[in-house]
Amino acid sequence: MHTADNQWLKLANHPDDFNFGANNIAVIEIGGRPICVAKFDNAIFAFTATCPHAGGYLGAACINEKGHIVCPVHHYKFNIRNGHNVSGEGYRLKYWPVVIRKDGVFVRWK
Ligand code: FES
């Protein structure tokens, strides 16, 4: 998918259309970048597939019961809702807002 910045992009017709792994994360491509799409607490979230610490692949992350994305490499944790590094190392995870509407699942790409 190629796109301009700062627009709502349709990712799927329905949240069930993503190919989620057992970790509830699917990896898609937007603008040539791998992006994680995750389901948690009846919502959909989108964040970079590359950990801001040392580049760990977040497509292989897990999401804990608090909604923290846990990087598979050094286990730093990021809030799935806002990208905050909740384990205290001072990094921030790039994320994009997602909405689910009757006509599909949309991400605000910026
Ligand atoms: S690469 Fe993700 S915590 Fe180190």
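**An all-strand chain and its core**

Strands β9 and β10 form a hairpin, with 2 residues between them. Strands here are DSSP runs of E with at least two residues, numbered from the N terminus. This is a predicted model: local features need pLDDT of at least 70, side-chain atom pairs count only at pLDDT 80 or more, and totals for chains, interfaces and linings use all residues. Residues are numbered from 1 along each chain as its sequence is written.

Strand β9 covers residues 98-101 and strand β10 covers residues 104-109. The two pair in the antiparallel sense over 4 bridges; pairing requires at least two bridges found by DSSP between the strands. Within this pair, R101 stands opposite G104 in β10.

Now step back to the fold. The protein chain has 10 strands and 0 helices, a helix being a DSSP run of H or I of at least four residues. From the N terminus on, the elements run β-β-β-β-β-β-β-β-β-β. The C-alpha atoms fill a box of roughly 40 × 25 × 20 Å along the principal axes. The radius of gyration of the protein chain is 13 Å, which agrees with the value near 13 Å for a compact globule of 110 residues. That radius is taken over C-alpha atoms, and the globule rule is 2.2 Å times the number of residues to the power 0.38.

Next, contacts and burial. Two residues are in contact if their C-beta atoms, placed from the backbone, lie within 7 Å. Among contacts between residues at least 6 apart in sequence, 38% join residues at least 24 apart. Buried residues make up 25% of the 110 residues; buried means that 20 or more other C-beta atoms lie within 10 Å of the residue's own.

Nonpolar side chains tend to be buried together in soluble globular proteins. In this model, the largest nonpolar core has 25 residues. Such a core is a set of buried Ala, Val, Leu, Ile, Met, Phe, Trp, Tyr and Cys residues joined through C-beta atoms within 7 Å. C36, A46, F47, L58 and I69 have the most contacts inside the core. Strands β3 (33-40), β4 (43-48) and β10 each supply at least two of its residues.

Take I69, in strand β6 (residues 68-70). I69 counts as buried because it has 26 C-beta neighbours inside 10 Å. Not counting residues up to four places away in sequence, I69 touches F47, L58, A61, I63, K77, F78, I80 and L93. With the same exclusion, L58 touches residues including C36, F47, I69 and C71. I69 and I25 are 44 residues apart in sequence, yet 10 Å apart in space, C-alpha to C-alpha.

Definitions and conventions: A residue is buried if 20 or more other C-beta atoms lie within 10 Å of its own, exposed if 12 or fewer, and partly exposed in between; C-beta atoms are placed from the backbone.
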